[in-house]
Amino acid sequence: MRNGLRKFAATAAVGVSVLTMSLAGATGAQADSQDGCPYPYVCIYDGPSSETIVAEFRDITSYYQNTNHGPGFAAVNTRNQDTVWLRIDYGFGSIGYQCLSNASHDQNSISSIGTITGIKITSNTSC
């Protein structure tokens, strides 16, 4: 009886560890990543068609965080509820602002020939 109980305990322990590993492997972060950018970040890429992430942001702020990437960049917002404002310098004194929707919308990324000079993540759910 004692050997049977040990075998059962060992089998149960293996089953629990396999279940734990499979649950840990299926995290929401993996499901919410996009183009190599992990949840809950906003990623800046080195060029409009690049796969190289050069900056990641995740803090909600009431101001633009200064950054300088470009000319030519791409950005993606993987945050589930927050929107992102980008400040873009198109040259010759032309500054523009672009809003990226949250990850549940198809307007959550951008490619631009300008230079991104600032980023502000807000808790607003839409632009």
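Reader: In strand β7 (residues 109-112), which residues make up the covered face?

Author: This is a predicted model, in which local features need pLDDT of at least 70, side-chain atom pairs count only at pLDDT 80 or more, and totals for chains, interfaces and linings use all residues. Residues are numbered from 1 along each chain as its sequence is written, and side-chain values use heavy atoms, with hydrogens and water left out. Strands here are DSSP runs of E with at least two residues, numbered from the N terminus; β7 has an uncovered face of Ser109 and Ser111, and its covered face is formed by Ile110 and Ser112.

Reader: Why is one side of β7 left without a neighbour in the sheet?

Author: The open sheet has four strands in the order β2-β1-β4-β7, with antiparallel pairing, where two strands pair if DSSP finds at least two bridges between them. β4 and β7 pair over four bridges, and Ala74 has Ser111 as its bridge partner in β7. One side of β7 is left without a neighbour because β7, like β2, stands at an edge with a single partner strand.

Reader: Which residues does Ile110 contact, leaving aside its neighbours within four places in sequence?

Author: Ile110 is among the residues that touch the most other members of the largest nonpolar core, which has 14 residues; such a core is a set of buried (under 20% relative accessible area, 1.4 Å probe, protein chains only) Ala, Val, Leu, Ile, Met, Phe, Trp, Tyr and Cys residues joined through side-chain atoms within 4.5 Å. With contact meaning heavy atoms within 4.5 Å, the partners of Ile110 are Phe73, Ala74, Ala75, Leu86, Ile88, Gln98 and Leu100.

Conventions: Buried means under 20% relative accessible area, exposed over 50%, partly exposed in between (1.4 Å probe, protein chains only).
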